[in-house]
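Here is a short note for a colleague meeting this structure for the first time. Please keep the sequence open while reading.

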Amino acid sequence: MLIHPMPDPVALALGPVKIHWYGLMYVLAFALFILLGRVRIKQPHIARQGWTNQHLDDMLFYGMLGVVLGGRLGEVLFYRPDYFFHNPLQIFAVWNGGMSFHGGFLGVLFAMWLWARKQGFNVLDVYDFIAPLVPLGYACGRMGNFINAELPGRVAPDTLPWAMIWPNVDALPRHPSPIYQMLVDGLLVFVIVWPFARKARPRLAVGGLFVLLYGCARFFTEYFRTPDWSINVAGIDVSSGQMLSLPMIVGALLMLAWSYKKQVYAGAPSAA
């Protein structure tokens, strides 16, 4: 059995300025987005659509706003509305953690729609372009959760070699759920979606596959995480994360069905 290392959440202090590990994980996520995006725009089927480095750089700004604003708003509305209602100033304390992927996902969808309209791209092509760039960034965010000792797992058998005592909870062994989600929801989804996206696929196939895989992975890993809230359906507890993932799974199946029925491939976008 292990004990959570509980590292100092502040990576670097320069006088009154403190740089938190959680923030650095987001910087790493955005850096990976750019690096993977640079590789992606060189893929022949992507290059034919007219993507450039300038497009990628401009899109990152919109994506950052979508992630931060949507992620925080999702945390407030989906997970802890009562807490933030009574502590409204804590809404702005993003360095303490607390970002909802589902909220960030919706925020990015909206931000990419705005960007696509501005640049003259088909928004579905934009979604397909960014889908393989998301999982590793998500994995970075989950590592930030682990460093902050957020998202404690459910109680685990004390015979589980990697069961972990979680700080500020109790002395019971628990599943290190942020690590599970980093590995399954993030890295595993990436190693499936990235090779799939290297070839030309019907419009929305790549985006649909990512949403389906993430939804299924998140539904599974939620079994090891202490839920923020849950409901009982036919005698089965369904966590908040699972409730939010179910629409993703259903929506992704519809997207994939539409994609392979229509068999429409991305064309060159109009000039920006």
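This is a predicted model: local features need pLDDT of at least 70, side-chain atom pairs count only at pLDDT 80 or more; totals for chains, interfaces and linings use all residues.

1. Helix α1. It covers residues 21-40, 20 residues in all. From first C-alpha to last it reaches 28 Å, close to the 28 Å expected at 1.5 Å a residue. Its buried residues are Y22, M25, Y26, A29, F30, F33, I34, L36, G37 and R40. Their cover includes β3 (17-20), α2 (44-47), α3, α6, α7 and α8 (177-197).

2. Helix α5. This one runs over residues 101-119 and has 19 residues. It reaches 26 Å between its end C-alpha atoms, close to the 27 Å expected at 1.5 Å a residue. Buried residues in α5 include F101, F105, V108, M112 and W115. The buried residues of α5 pack against α3 (53-79), α6 (123-130), α7 (134-147), α9 (205-221) and α10.

3. The ends of α5. At the start, a side-chain oxygen of S100 comes to within 3.3 Å of the backbone nitrogen of H102. After the helix comes G120, with a positive phi near 85°.

4. Salt bridges. The count is 6. D57 pairs with R38, with the closest N and O atoms 3.2 Å apart. D57 sits in helix α3 and R38 in helix α1, 19 residues apart. D57 is partly exposed, at 32% relative accessible area. R38 is also partly exposed, at 25%.

5. A buried pair. R203 forms a salt bridge with D125, the closest N and O atoms being 2.7 Å apart. R203 lies in the loop between α8 and α9 and D125 in helix α6, so the pair ties together parts 78 residues apart in sequence. Both R203 and D125 are buried.

6. A network. R218 bridges to E222, with 2.8 Å between the closest N and O atoms. Shared partners join R218, E222, R225 and D228 into one salt-bridge network. R218 is buried, at 1% relative accessibility. E222 is buried too, with a relative accessible area of 1%.

7. The surface. Which residues form a nonpolar patch there? They are W229, I231, V233, M243 and L246, with about 370 Å² of accessible area together. β6 (230-233) and α10 (240-262) each supply at least two of the patch residues. L246 lies in α10 and is partly exposed, at 38%.

8. A loop residue. F92 is in the loop between α4 (81-86) and α5. F92 is exposed, with a relative accessible area of 61%.

Key: Residues are numbered from 1 along each chain as its sequence is written. Side-chain values use heavy atoms; hydrogens and water are left out. Patches are made of residues with over 30% relative accessible area and no salt bridge: like charges are joined within 9 Å, nonpolar side chains (Val, Leu, Ile, Met, Phe, Trp, Tyr) within 5 Å. Accessible areas come from the Shrake-Rupley method with a 1.4 Å probe; for residues, only the protein chains shown count as cover. A salt bridge is a side-chain nitrogen of Lys or Arg within 4 Å of a carboxyl oxygen of Asp or Glu. Helices (H or I, at least four residues) and strands (E, at least two) are DSSP runs, numbered from the N terminus. Buried means under 20% relative accessible area, exposed over 50%, partly exposed in between (1.4 Å probe, protein chains only). The expected span of a helix is 1.5 Å times one less than its number of residues. Contact means heavy atoms within 4.5 Å. A polar contact is a pair of N or O atoms within 3.5 Å; within protein, one must be able to donate a hydrogen and the other to accept it, and residues adjacent in sequence count only if both atoms are side-chain atoms.
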